[in-house]
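Thanks for coming. I want to go through the salt bridges in this one. Let me put it on the screen.

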Amino acid sequence: EASIALADQTGVAMKSVRYVEERENLFLGILLALSRTIDAKSKWTSGHSERVAIHTRKIAEILKMDPEFIENLSVSASLHDIGKIGVPEAILDKEGLLTNEEFEVIKKHPASGAEIIEVIPGYERFLNGIIFHHEFWNGNGYPFGLEMERIPLMGRIIAVADVYDSLVSDRPYRKGMSREKAIEILVSEKG
């Protein structure tokens with residue numbers, strides 16, 4: 001009798017765990033699909049978030065970071081531009097320099113992305129990459145103007161991968177550059 005009751009309770013617990021995992025995978029799948037949709041709003045950004053996720057994973061693996069951190073970092077990188085859902089395509093595809101007003105719209109996407117993600121229980125582990133990926137080491141970034149170690153590590157790693165992918169990819173205002181040139185620029189601007 002006790003063995004049967006224990007087995008029944010174990011079965012119920014396992015079903016509960018499986019349900020939570022399935023729900024987690026469903027939420028994540030929906031968000032990743034939304035992120036891909038946002039990237040696809042512009043021919044210039046199609047596939048960008050997926051490439052940034054690949055670059056961040058490689059950086060973190062080279063740095064021998066904790067596997068759980070690497071997994072969270074990769075998801076955060078996949079979702080880093082989800083806040084661009086509120087940025088008009090006319091701004092994303094603009095060939096010339098952005099006006100101050102247009103740049104203010106762009107600058108809102110990290111906080112908008114965090115607002116989208118933070119309502120999902122357990123997803124706070126992805127927020128540091130989403131909200132801090134445009135902070136600069138020298139404090140001239142956005143949305144908060146953080147500097148140096150005050151910028152969470154997840155945001156710093158995604159920022160490097162994001163800039164690299166932007167440099168090697170074609171944009172409406174310039175052609176993508178070679179991998180070597182992009183790395184040269186990253187090295188020259190460190191610190």
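One term before the residues: partly exposed means a relative accessible area between the 20% under which a residue is buried and the 50% over which it is exposed. Glu 184, at 49%, is therefore partly exposed. Keep in mind that this is a predicted model.

Glu 184 has a partner. Its side chain meets that of Lys 181 in a salt bridge, 3.4 Å from N to O. Both residues sit in helix H9, residues 179-188, and they are three residues apart, about one turn of the helix. Lys 181 also counts as partly exposed, because its relative accessibility is 38%.

How many salt bridges are there in the whole structure? The search finds seven.

Next, Asp 165 and Arg 51. They form a salt bridge whose closest N and O atoms are 2.7 Å apart. This pair links distant parts of the chain: Asp 165 belongs to helix H8, residues 153-168, Arg 51 belongs to helix H2, residues 48-62, and 114 residues separate them. Arg 51 has 27%, so it counts as partly exposed.

Then there is Glu 102 with Lys 94, again a salt bridge, with the closest N and O atoms 2.7 Å apart. Lys 94 is partly exposed, because its relative accessible area is 23%.

Back to helix H9 for a moment: Glu 184 and Lys 181 are both in that helix.

How values were computed. Residues are numbered from 1 along each chain as its sequence is written. This is a predicted model: local features need pLDDT of at least 70, side-chain atom pairs count only at pLDDT 80 or more; totals for chains, interfaces and linings use all residues. Side-chain values use heavy atoms; hydrogens and water are left out. A salt bridge is a side-chain nitrogen of Lys or Arg within 4 Å of a carboxyl oxygen of Asp or Glu. Helices (H or I, at least four residues) and strands (E, at least two) are DSSP runs, numbered from the N terminus. Buried means under 20% relative accessible area, exposed over 50%, partly exposed in between (1.4 Å probe, protein chains only).
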